[in-house]
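Here is a short tour to read with the structure open beside you.

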Amino acid sequence: MDPVILSRIQFAITAGFHFIFPPITIGLAWLLVYVEGRAWRSRDPVYERTGKLFGKLLGFTFAVGVATGILLEFQFGTNWARYSKFVGDIFGAPLAAEGIFAFFLESTFLGLYLFGRGRVPKPVHWFSILMVAVGSVISAFWILVANSWQQTPAGFAIRNGRAELESFWAAVFNPSTLPRFFHTIVATLLVGAFVMAGIAAYRLLKNGADEIGRCALKLAVPWGLVTAILVVFPFGHWHAQQVAETQPEKFAAIEGLYTSQRGAPLVLFGLVHVEPPELRAKLEVPGLLSLMAFGDPQAPIRGIDEFPADEVPPLWITFVSFHNMVILGLLFIALTSWGVVKLWRKRLVESRRYLRLLLWSVPLPVIACQFGWVAAEVGRQPWIVYHLLRTGDAHSLTVGTGEVLFSILTFGLIYLFLGALWVYLMIKEAGHGLEPAIGQEVMA
Amino acid sequence: MDLNTIWFLLVGVLITGYAVLDGFDLGVGVLYLFARSEEERRIYLNAIGPVWDGNEVWLLTGGGALFAAFPIVYATVFSAFYLAMMLVVVALIARAVSFEFRGKLQGPGWKRLWNGCFGLGSLVAALLYGVAVANLVRGIPLDEVGTFSGSFIGLLNPFALLCGITGLAMFTMQGAAYMALKTEGELQGRMQAWTVRGWTAFVTLYAVVTLATVFAAPHVFAGIAAKPLFWILLLAFAAAAVIVPIGSRAARYGRAFLASSLSIVSLVGLVAVGMFPRLVASSVDLAFSLTIYNSASTPRTQTAMLVIALIGMPLVLAYSAYVYMVFKGKVVFDDASY
């Protein structure tokens with residue numbers, strides 16, 4: 001097998017699996033900043049117990065995130081040595097900055113937060129979860145800087161066969177950094193809201209009187225609505241506009257625009273046929289894509305036909321993952337709006353059907369994040385650094401096929417095992433301290 | 001002092017910080033294999049529970065800093081050590097998750113699984129760091145453009161294995177010295193014995209390694225006697241080596257731990273002095289070695305990174321010190337414990 005394909009598979013498995021966990025920890029950390037703040041200021045025991053439960057779940061998830069993140073710090077060197085040599089003058093700096101500004105902060109204060117309850121004064125304890133939350137956002141910022149530079153490189157010059165830094169700030173704030181950062185961070189907040197809401201629903205389905213469940217649900221559902229709206233508008237919209245501007249091939253692929261045209265339609269649904277590229281059974285709104293991308297319903301947009309065949313990303317996977325992400329994004333708005341209406345009518349906690357829906361929706365925002373990530377990274381292909389270095393020219397020449405196959409199998413099995421255990425234990429821990437419902441006791 | 005030298009020092013500081021701090025975590029993990037009861041195991045885990053994660057960040061940041069400052073070394077060494085790197089990562093993952101997974105379910109099989117993961121993960125990592133350093137010092141097959149042509153088996157040469165075992169002894173000493181601070185009574189007595197045992201093995205192996213280096217990597221000693229830093233570090237190492245067993249036997253555990261840490265600092269320092277300005281020796285021809293000059297990023301990047309390090313690292317040291325203050329003293333169980 002081709003060592004490039006193998007290294008790509010390994011990167012996709014390991015980065016994709018890791019990317020399940022940070023959104024959950026970032027999202028939960030910020031919710032905990034609020035919960036622990038209320039627990040400290042109002043001395044309300046319900047908030048305190050809610051903080052304790054979700055704090056433990058945060059700690060557990062964080063540990064799996066850290067464990068699966070170790071490989072990522074080294075994998076650029078092990079599997080992508082030619083890439084590392086080419087971008088090392090630029091790409092290493094954000095990784096190091098992430099360590100110095102974020103990893104230390106998160107890890108050190110998470111230890112203080114988890115083990116310091118009752119040991120340090122309350123304000124210090126609250127400050128520790130705040131620092132975990134701040135650290136996790138700084139971490140996301142720097143890793144997204146690195147990723148954005150691959151997508152829209154800036155602030156460099158090609159010298160000595162590599163990209164050399166010309167302007168630090170131009171590289172950090174390259175054209176896609178800020179749109180990607182805001183879109184992604186709000187997505188993580190949404191993930192946190194759904195995880196908290198789902199766990200609250202799980203507890204309330206077992207015991208409708210559970211105070212932790214009530215407290216968490218009433219916080220997570222409105223927060224879910226706010227973040228579900230923001231992730232689509234303005235941030236998702238802004239990010240898509242930037243892609244239209246800076247990576248037209250990717251934009252054409254994710255939107256399913258295969259021929260250049262004025263007044264391009266927005267495709268709501270379609271079946272991708274790759275050779276020749278066409279959309280079948282499509283449902284589209286004329287002119288809307290042009291309007292959304294460039295603010296003019298007649299604006300010309302370049303389609304796939306305008307680019308050389310060897311510079312076009314895979315069409316099927318980019319279109320499908322992007323559209324599934326958007327559909328899920330709209331679903332989140334609908335689902336949380338419905339919940340907020342129920343909350344307003346004071347029927348949220350009692351609606352078992354809605355609680356069941358929330359419970360089963362927990363994985364959906366995580367899946368939406370994965371779709372978004374796939375659309376972004378596959379949409380960048382065939383480039384590992386957009387228009388500068390091809391993915392096929394970037395892997396380590398000294399690493400053999402057998403070695404990569406071996407590491408894929410090793411990490412694949414380990415991650416499968418860890419993932420299954422994590423899900424099982426999260427469900428188990430989510431019910432921690434639940435008292436049996438009165439009605440259920442009678443039935444037993 | 002030029003930027004390249006400054007970054008040589010800074011990467012060295014990160015590696016030293018990792019070796020001292022996660023060094024005791026790894027040592028605790030190795031000693032954990034010899035724990036006698038469930039309660040003892042919990043003492044081990046909670047002794048490092050609040051701090052191990054932060055300690056491991058020194059490694060991740062070291063990796064990032066190496067990438068930023070000396071990208072050619074990052075790319076060449078990590079791809080050359082492919083299988084060894086994967087093994088280290090598997091060991092670190094096994095260790096990291098066992099803290100959390102272990103206590104979540106009951107049952108002897110479950111506990112045994114994670115006990116094994118934690119202990120063996122620590123052991124494998126503690127062993128492989130020495131192997132890796134030995135190969136960088138002794139030299140790996142790099143041609144004139146820095147392409148590696150060796151194999152995984154080639155990395156497991158006798159000299160490297162000897163250094164691996166030396167590192168294991170060093171981390172065990174460090175772990176035991178730390179545990180003596182966190183325990184009381186009979187367990188503390190055993191930790192004291194392990195400190196001295198680890199120290200004896202470490203100092204003996206250190207002498208053997210030094211002798212072996214004369215043959216395996218003579219370039220390390222070329223002109224070293226003229227460097228004042230070499231003599232200072234050697235003296236520091238000798239002083240630390242004397243204080244560890246004396247302090248430990250006299251129940252001055254804080255002093256023994258600091259001396260043990262100092263011995264690690266000075267050992268890393270001595271290796272660095274011997275290597276400077278090389279980062280990776282080439283066994284084909286010493287002239288093909290990767291140095292702080294031929295594998296560096298540009299001065300602009302190194303300057304930007306220096307600013308980041310100067311802003312960030314004092315903060316890191318300050319809040320890390322605070323957290324160590326909060327959790328100092330003997331292990332006590334509460335409902336946050338593992």
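Predicted model: local features only at pLDDT ≥ 70, side-chain atom pairs only at ≥ 80, totals over all residues.

You will find Gly175(B) in helix H8 of chain B, which covers residues 158–182. Setting aside residues up to four places away in sequence, Gly175(B) touches Phe24(B), Leu26(B), Gly27(B), Val28(B), Val30(B) and Leu31(B). Another pair to look up is Gly175(B) and Thr195(B): they are 20 residues apart along the chain, and 7.9 Å separates their C-alpha atoms.

**Where the chains meet**

How many residues does each chain bring to the contact? Chain A gives 53 residues and chain B gives 55. On the chain B side, at least two residues come from each of helix H3 (52–69), helix H4 (71–80), helix H5 (82–102) and helix H12 (299–326). Sorted by class, the side of chain B that touches chain A has 37 nonpolar, 13 polar and five charged residues.

One helix pair at this contact is worth a visit. Helix H4 of chain A (residues 81–115) packs against H4(B) at an angle of about 145°, and their axes are 8 Å apart. The crossing of H4(A) with H4(B) is right-handed. From H4(A) come Ala81(A), Ser84(A), Lys85(A), Gly88(A), Asp89(A) and Gly92(A), which meet Pro71(B), Ile72(B), Tyr74(B), Ala75(B), Thr76(B) and Ser79(B) of H4(B). This helix contact is made of five nonpolar, five polar and two charged residues.

**Chain A: confidence and a hairpin**

Chain A has a mean pLDDT of 94, with 98% of its residues at 70 or more. Among the elements of chain A, the highest mean pLDDT, 98, belongs to helix H13 (residues 363–378), and the lowest, 50, to helix H15 (residues 438–443).

Strands E4 (residues 266–273) and E5 (residues 278–285) of chain A pair in the antiparallel sense over six bridges. The two form a hairpin, with four residues between E4(A) and E5(A). Phe269(A) has Leu283(A) in E5(A) as its bridge partner.

Ala281(A) also lies in strand E5 of chain A. Its phi is positive, near 50°, in a residue other than glycine. Ala281(A) is exposed because 7 other C-beta atoms lie within 10 Å.

**Loops to look at**

Asn160(A) is not a glycine either, yet its phi is positive at about 50°. Asn160(A) sits in the loop between strand E1 (156–159) and strand E2 (162–165) of chain A. Is Asn160(A) buried or exposed? With 8 other C-beta atoms within 10 Å, Asn160(A) is exposed.

Thr259(A), in the loop between helix H9 (248–255) and strand E3 (261–262) of chain A, is partly exposed, with 14 other C-beta atoms within 10 Å. Beyond its neighbours within four places in sequence, Thr259(A) is in contact with Gly303(A) and Asp305(A).

| Cis peptide bond | Omega |
|---|---|
| Gln381(A) to Pro382(A) | near 5° |
| Phe276(B) to Pro277(B) | near 0° |

Pro382(A) is in the loop between H13 and strand E7 (383–385) of chain A, while Pro277(B) is in the loop between helix H11 (253–275) and strand E1 (278–280) of chain B.

Technical notes. Residues numbered from 1 in each chain as written. Chains lettered and ligands numbered in written order. Contact = placed C-beta atoms within 7 Å. Nonpolar A, V, L, I, M, F, W, Y, C, P; charged D, E, K, R; others polar. Axes fitted to C-alpha atoms, helices over the stretch in contact; angles between N-to-C directions. Left-handed = near helix turned anticlockwise from the far one by under 90°. pLDDT = per-residue confidence, 0-100. Pairing = 2+ DSSP bridges. Buried ≥ 20, exposed ≤ 12 C-beta atoms within 10 Å, placed from the backbone.
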